[in-house]
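This note is meant for a colleague who is meeting the structure for the first time. Please read the numbered points with the sequence and the model at hand.

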Amino acid sequence: MLSIVVLGTAAGGGVPQWNCGCANCRSARNGHPELKSTQASIAVSADREHWFLVNASPDLRQQITDNPILHPRAGALRHSPIAGVILTNGEVDAVAGLLSLREGTAFDLYAHSRVLTILDDNPIFNVLRPNLVPRRALQLDTTIDLPLPGGAPSGLTLEAFPVPGKVALFLEDESDTGEGDTLGLVIGDKASGQRLVFLAACAEVTPGIAEKLDGTDLVFFDGTLWRDNEMIEAGLGKKSGQRMGHIAMRDAIAALGDIDIGKRVFLHINNSNPALRADSPERRAAADAGWLVPADGMEIKL
Ligand SMILES: [Zn+2]
């Protein structure tokens with residue numbers, strides 16, 4: 001059976017974001033601690049003993065502390081249930097947490113070769129010594145059995161596929177968007193046949209994306225913004241959602257409406273998004289359409 005825990009729900013910056021005075025960030029600081037959320041990541045397991053993380057957020061240390069499933073086994077002097085980390089892109093909010101996993105415990109690191117090149121080009125990531133943390137390149141549209149460190153089967157399968165998106169923000173000036181900059185993932189449980197699709201960044205629901213989602217038990221989908229021009233209207237930025245590689249929530253709800261999906265969960269929710277508030281009309285519209293806006297630490301039961 002697939003076990004899934006949402007470690008963090010927020011887009012880059014989290015809620016509250018350190019330098020943001022928008023309505024949601026102010027509320028999170030004053031009177032509404034339930035709005036506080038760490039940057040997006042999930043943990044997935046087939047046996048509840050060994051967990052694979054999807055992305056390593058800058059908040060990973062706190063997320064490990066907050067989630068007992070990721071604590072060292074009782075009685076072990078050095079141990080971690082984290083068997084691997086799968087990266088879907090090279091943004092700071094996907095890779096910075098790797099630096100918090102540097103204390104000499106083995107795990108496997110999976111990413112597209114373009115993202116591995118970003119890590120290889122930044123010597124600070126050498127704190128993850130390759131003999132302990134091998135970097136494994138994901139081939140697109142190829143399903144693999146995910147092994148545990150040491151080679152035993154984890155019970156999970158993984159397929160990475162290209163998603164319409166954009167190149168990492170800090171590379172925008174040097175590089176065009178290319179295949180592999182943004183990945184979607186299909187993670188399956190071999191024993192039960194259950195599978196989830198992880199699409200926390202997605203600029204457009206193409207026929208290919210719709211096909212990947214058809215019949216899946218669970219989707220984590222890009223919930224960055226409610227409306228495409230939300231950040232511009234709020235005076236928080238100059239870029240639309242589309243410019244940042246994100247389809248708006250309300251457009252995603254419509255685009256995915258007719259697709260056969262078991263559970264629909266938004267992830268990577270920006271602090272500007274009105275659907276963050278449980279009492280907002282936007283949250284109600286999402287819920288009425290069958291979508292969950294999760295909280296940090298929530299387990300999603302299939
Ligand atoms: Zn804010």
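**Notes on the predicted model**

1. Arg 48 counts as partly exposed, at 41% relative accessibility. The structure discussed here is a predicted model. Arg 48 sits in the loop that runs between strand 2 (41-45) and strand 3 (51-54). Its phi is positive, about 65°, although Arg 48 is not a glycine. Arg 48 also takes part in a network of salt bridges together with Glu 299 and Lys 301.

2. Most residues other than glycine have a negative phi, and most peptide bonds are trans. Asn 55 is not a glycine, yet its phi is positive, at about 75°. The residue belongs to the loop between strand 3 and helix 2. Asn 55 counts as buried because its relative accessibility is 5%, which is under the cut-off of 20%.

3. Which peptide bond is cis, with omega near -5°? It is the bond that leads from Val 15 to Pro 16. Pro 16 is located in the loop between strand 1 (3-8) and helix 1 (23-29).

4. Four protein donors are assigned to the zinc ion: the SG atoms of Cys 20, Cys 22 and Cys 25, and OD1 of Asn 271. These donors lie 2.2 to 2.7 Å from the ion. The angles among the four donor atoms run from 105 to 117°, and the site is tetrahedral. Along the sequence, the donor residues follow the spacing C-x1-C-x2-C-x245-N. Cys 25 belongs to helix 1, while Asn 271 is in the loop between strand 12 (261-267) and helix 8 (281-288), so this pair ties together parts that are 246 residues apart in sequence. Cys 25 is buried, with a relative accessible area of 0%, and Asn 271 also counts as buried, at 3% relative accessibility.

5. How many salt bridges does the count come to? The total is nine salt bridges. One of them joins Arg 136 and Asp 108, whose closest N and O atoms are 3.3 Å apart. This pair links distant parts of the chain, with Arg 136 in strand 6 (residues 135-137) and Asp 108 in strand 5 (residues 108-111), 28 residues apart.

6. Asp 120 pairs with Arg 135, and the closest N and O atoms are 2.6 Å apart.

7. Asp 145 is partly exposed, with a relative accessible area of 48%.

8. Open space in the model can be considered in turn. Rolling a probe the size of a water molecule over the atoms shows where empty space is left. The second largest pocket holds about 450 Å³ of space. Its lining consists of 18 residues, and Ile 64, Ser 80, Ser 100, Leu 101 and Glu 103 lie nearest its centre. Helix 2 (residues 60-66) supplies the largest share of that lining, three residues. By type, the lining of this pocket divides into seven nonpolar, seven polar and four charged residues.

9. The largest cavity has a volume of about 50 Å³. Leu 101, named above for the pocket, also lines this cavity. Other lining residues include Arg 102, Gly 104, Thr 105, Val 127 and Arg 129. The cavity lining divides into five nonpolar, two polar and two charged residues.

Notes:
Residues are numbered from 1 along each chain as its sequence is written. This is a predicted model: local features need pLDDT of at least 70, side-chain atom pairs count only at pLDDT 80 or more; totals for chains, interfaces and linings use all residues. Side-chain values use heavy atoms; hydrogens and water are left out. A salt bridge is a side-chain nitrogen of Lys or Arg within 4 Å of a carboxyl oxygen of Asp or Glu. Helices (H or I, at least four residues) and strands (E, at least two) are DSSP runs, numbered from the N terminus. Buried means under 20% relative accessible area, exposed over 50%, partly exposed in between (1.4 Å probe, protein chains only). On a 1 Å grid over the protein atoms alone, a cavity is a set of points where a 1.4 Å probe fits but cannot get out, and a pocket is an open set with protein on both sides within 12 Å along at least five of seven lines; lining residues have an atom within 4 Å of a point. Grid points are joined across faces, edges and corners, and a volume is the space filled by probe spheres set on the points. Ala, Val, Leu, Ile, Met, Phe, Trp, Tyr, Cys and Pro count as nonpolar, Asp, Glu, Lys and Arg as charged, and the others, Gly among them, as polar. Donors are N, O and S atoms within 2.8 Å of the metal (3.2 Å for Na, K and Ca); water is not among the atoms, so sites may look incomplete. Four donors count as tetrahedral if all angles lie between 85 and 135 degrees; four count as square planar and six as octahedral if opposite donors are over 155 degrees apart and all others between 65 and 115; anything else is irregular.
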